Amino acid sequence: MKRRRGLSLLQKRNVKGFMFILPWLVGFIIFYARSMFMTAQFSLSTMTTSAGGGYTLEWAGLSNYIYAFRAHGTFKQVLTTSILNMLVDVPLITFFSLFMAILLNRKFKGRTIVRAIFFLPIIMNSGAITSAMELARTMMSGGISSGASEISDAAASGVDVAYFIELFKNLAMPDKLLDYIVAAVARINDIISASGVQIIIFIAALQSIPGSMYEVAKIEGATAYETFWKVTFPMVMPHIITNVVYTVVDNFAKSDVVQLAYDTCFNEINYGLSSTMSLVSTVIVCVILVLVCGFIQKRTFYYN
Amino acid sequence: MQKIKIDAQTRNSMSAMQRSVKKGILGLAQFVVIVGICYVIVAPILGILVSSFMSDGDAYNPMVYMIPTAPTLQKYKTVIARLNYFPTMGRDLLYTLSLMIIQVFICSMVGYGFARFNFPFKKLLFACVVVMIVIPTNTIMLPLYMTFKNFNPFGLATLIKGKSINLLGTPVPMYLMTFLGCGLRSGLYIYIFNQFFRGLPKEIEEAAFVDGAGVWYTYFRIMLMNAMPSVITVAVFSMVWQYNDTFYAKLFLISENIVISKKISSLTAVIANEDKILDTTIQQLYLDAGIILIMVPIVLIYVFLQRYFIEGVERSGIVG
């Protein structure tokens with residue numbers, strides 16, 4: 001018997017399927033894979049641009065890395081603070097957005113308007129607008145004079161923050177935890193404006209929980225508290241990973257270390273050093289992502 | 001016997017009362033939290049709106065709060081002239097909307113490809129999509145800058161013109177990247193579409209196949225029509241983010257006459273230079289007017305689409 005020539009129907013279909021992703025594949029190779037390779041290459045060499053627009057690379061070994069970590073004035077500090085800030089912000093944003101999603105998912109009067117307001121920060125998320133907003137905010141809460149610090153903002157509105165801090169200290173709350181909470185409250189605004197997309201993801205997740213589960217919980221006599229920890233939280237768990245990844249990436253893109261790399265590149269015209277900074281910070285963030293995701297994934301319950 | 005009955009009754013009524021009190025307190029707490037957070041979000045926008053109508057005198061009058069004593073449109077007039085508002089906005093909307101349409105088509109195509117077909121290395125390739133989401137653009141900005149500065153695909157430019165082409169300063173790099181599925185946050189959109197198409201029943205396509213529809217016909221006429229919730233989600237996201245994007249606009253040196261949010265960042269300098277207004281407090285009023293002006297179209301579109309958008313988010317594939 002002769003072997004059948006050509007492709008089977010299924011294979012033909014799969015070739016067509018490949019056509020669907022072809023544009024992206026070409027783009028990924030040209031713009032991402034090649035660029036990542038080039039960044040690594042730049043970071044290992046000294047780059048000089050020539051008048052015609054081209055550039056020449058000269059092998060410099062690890063000198064850029066050594067310079068960044070040993071001699072550069074601010075890189076190490078900026079890197080550490082950026083990463084510490086991220087580690088502080090990510091759990092805050094995740095839990096805040098979960099909490100808000102649960103609130104917004106309930107039925108109450110004027111829900112449409114409230115939802116529309118909550119997604120406004122996603123719309124107004126550009127550099128120029130943000131800085132002007134910051135100014136407008138201090139103006140709103142008591143004029144220019146009181147804009148000195150975030151705590152004094154609250155003080156201007158008649159709340160004695162120091163009193164509350166003292167109160168909680170007397171209740172023997174650990175100082176570190178107290179600092180964390182105070183910092184979180186003081187930055188409530190940053191947190192709100194950074195959690196728009198996360199709230200959307202969580203609302204969608206909450207909507208996808210079958211209502212029968214709540215019915216069962218109710219019949220079995222579970223309290224609201226128990227229902228949350230035994231039904232809502234496990235069902236939302238897989239989306240916490242999505243949100244954590246999104247938050248980390250978003251937070252990193254806005255962080256100081258990225259800004260430093262940008263400035264080094266286009267203001268100081270030190271391409272090699274800039275590539276080194278980008279690469280080091282990206283690798284660190286990726287490692288954090290992998291660790292955090294692994295940690296959450298172990299505790300995640302998958303319904304299907 | 002009697003006593004026990006009464007006890008049970010009082011206990012029941014007590015717990016009912018407790019429950020209603022508890023419910024009332026919870027409702028109040030919920031109300032306070034929601035109103036408080038809405039205030040935090042809306043307050044600065046309100047502040048900007050109010051101060052954009054203030055006259056110079058109002059800005060320095062400590063008695064003026066929320067309601068300007070002498071509201072004026074003069075700030076808007078100046079800013080519209082300086083921004084060259086209507087032509088620039090028209091060009092920007094054209095740029096944003098065209099990119100949005102390309103994003104929706106390319107990303108939905110790729111997402112569909114990943115959701116419904118099998119080909120070698122599919123898992124690995126999809127991992128590349130995730131890499132695209134995770135890797136920040138800043139890591140690859142310099143190579144991108146260099147690539148478009150000396151644009152020379154396969155040596156074609158050298159062959160035709162004798163030297164490489166400098167594409168910086170034009171919107172071409174952005175179109176090129178978006179067309180090849182690597183635009184602003186394309187990875188995220190591909191992911192959303194992929195999740196959505198995976199959730200659609202396979203029977204639709206089988207029926208189309210039996211009726212003799214080709215793969216492309218099925219995709220364009222059937223699958224894309226069914227994917228409306230995620231199409232709207234992606235359309236809104238991509239439009240808003242593209243409109244607000246200054247990173248790529250700065251990196252590719254795209255002209256201020258196309259990207260209006262870039263123009264707004266130099267507005268105070270222009271006002272200082274051309275209108276000789278050097279007082280920073282007054283300059284801020286002009287900036288506020290400018291911000292209101294660039295927010296207007298996007299807010300209008302959002303208000304128009306927000307119902308579909310939120311419904312779409314709930315039904316679309318953001319959730320896997």
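Helices here are DSSP runs of H or I that are at least four residues long, numbered from the N terminus. With that in hand, welcome to a set of close-ups of a predicted model.

**Figure 1. Two loop residues of chain B have a positive phi.** Most residues other than glycine have a negative phi. B:K276 has a phi near 55°, a positive value in a residue that is not glycine. Look for B:K276 in the loop that joins α15 (267–274) to α16 (280–315) of chain B. Its relative accessible area is 63%, so B:K276 counts as exposed. B:F121, again not a glycine, has a positive phi of about 60°. This residue sits in the loop between α4 and α5 (122–134) of chain B. B:F121 is exposed because its relative accessibility is 63%, and the cut-off for that class is over 50%.

**Figure 2. Chain B is built from helices and is spread out.** Chain B has 16 helices and zero strands. Its radius of gyration, 28 Å, is well over the 20 Å that the globule rule gives for 320 residues, so chain B is more spread out than a compact globule. The C-alpha trace of chain B spans about 105 × 75 × 35 Å along its principal axes. As for burial, 50% of the 320 residues of chain B count as buried.

Figure 3. Seen close up, the patch covers about 560 Å² and is made by A:M19, A:L22, A:V26, B:I101, B:F105, B:W216 and B:F220. Two or more of these residues come from each of α1 (9–43) of chain A and α4 (85–116) and α11 (215–226) of chain B. Which element gives the most to the patch? That is α1 of chain A, with three residues. A:M19, found in helix α1 of chain A, counts as partly exposed at 41% relative accessibility.

Figure 4. One aromatic cluster is formed by A:F20, B:F105, B:Y112, B:F117, B:F193, B:F196, B:F197, B:W216, B:Y219 and B:F220. Over all chains, the count comes to 34 aromatic pairs. In chain A, the ring centres of A:F228 and A:W229 are 5.1 Å apart and the planes meet at 85°, so this pair is edge-to-face. B:F196 and B:F197 also make an edge-to-face pair, with 6.4 Å from centre to centre and 70° between the planes. How do these residues differ in accessibility? A:F228 is partly exposed at 23% relative accessible area, and A:W229 is partly exposed at 41%. B:F196 is buried at 9%, and B:F197 is buried at 0%.

**Figure 5. Charged side chains sit over aromatic rings in chain B.** The charged end of B:R185 lies over the ring of B:W241, 3.9 Å from the ring centre. A second example is B:K75, whose charged end sits over the ring of B:Y286 at 5.2 Å from the centre.

Figure 6. Side chains of opposite charge can pair when their charged atoms come close. Over all chains the structure holds six salt bridges. A:D250 and A:K254 form one of them, with the closest N and O atoms 3.3 Å apart. A:D250 is buried, with a relative accessible area of 13%, whereas A:K254 is partly exposed at 49%.

**Figure 7. Two salt bridges tie together separate helices of chain B.** B:R82 and B:E274 meet in a salt bridge of 3.8 Å, N to O. B:R82 belongs to helix α3 (residues 74–83) and B:E274 to helix α15, so the pair ties together parts of chain B that are 192 residues apart in sequence. B:R82 is partly exposed at 27%, while B:E274 is exposed at 52%. The side chains of B:R116 and B:E205 also meet, at 2.5 Å from N to O. Here the pair joins helix α4 to helix α10 (residues 203–210) of chain B, so it ties together parts 89 residues apart in sequence. Are B:R116 and B:E205 buried or exposed? Both B:R116 and B:E205 are buried.

Figure 8. A:L120 lies in helix α5 (residues 120–123) of chain A and is buried, with a relative accessible area of 15%.

Technical notes:
Residues are numbered from 1 along each chain as its sequence is written. Chains are lettered from A and ligands numbered from 1 in the order in which they are written. This is a predicted model: local features need pLDDT of at least 70, side-chain atom pairs count only at pLDDT 80 or more; totals for chains, interfaces and linings use all residues. Side-chain values use heavy atoms; hydrogens and water are left out. Patches are made of residues with over 30% relative accessible area and no salt bridge: like charges are joined within 9 Å, nonpolar side chains (Val, Leu, Ile, Met, Phe, Trp, Tyr) within 5 Å. Accessible areas come from the Shrake-Rupley method with a 1.4 Å probe; for residues, only the protein chains shown count as cover. A salt bridge is a side-chain nitrogen of Lys or Arg within 4 Å of a carboxyl oxygen of Asp or Glu. Buried means under 20% relative accessible area, exposed over 50%, partly exposed in between (1.4 Å probe, protein chains only). Rings of Phe, Tyr and Trp (its six-membered ring) pair if their centres lie within 6.5 Å; planes under 30 degrees apart count as stacked, over 60 as edge-to-face and the rest as tilted. A charge sits over a ring if NZ of Lys or CZ of Arg is within 6 Å of the ring centre and within 35 degrees of the ring normal. The radius of gyration is taken over C-alpha atoms; the globule rule is 2.2 Å times the number of residues to the power 0.38.
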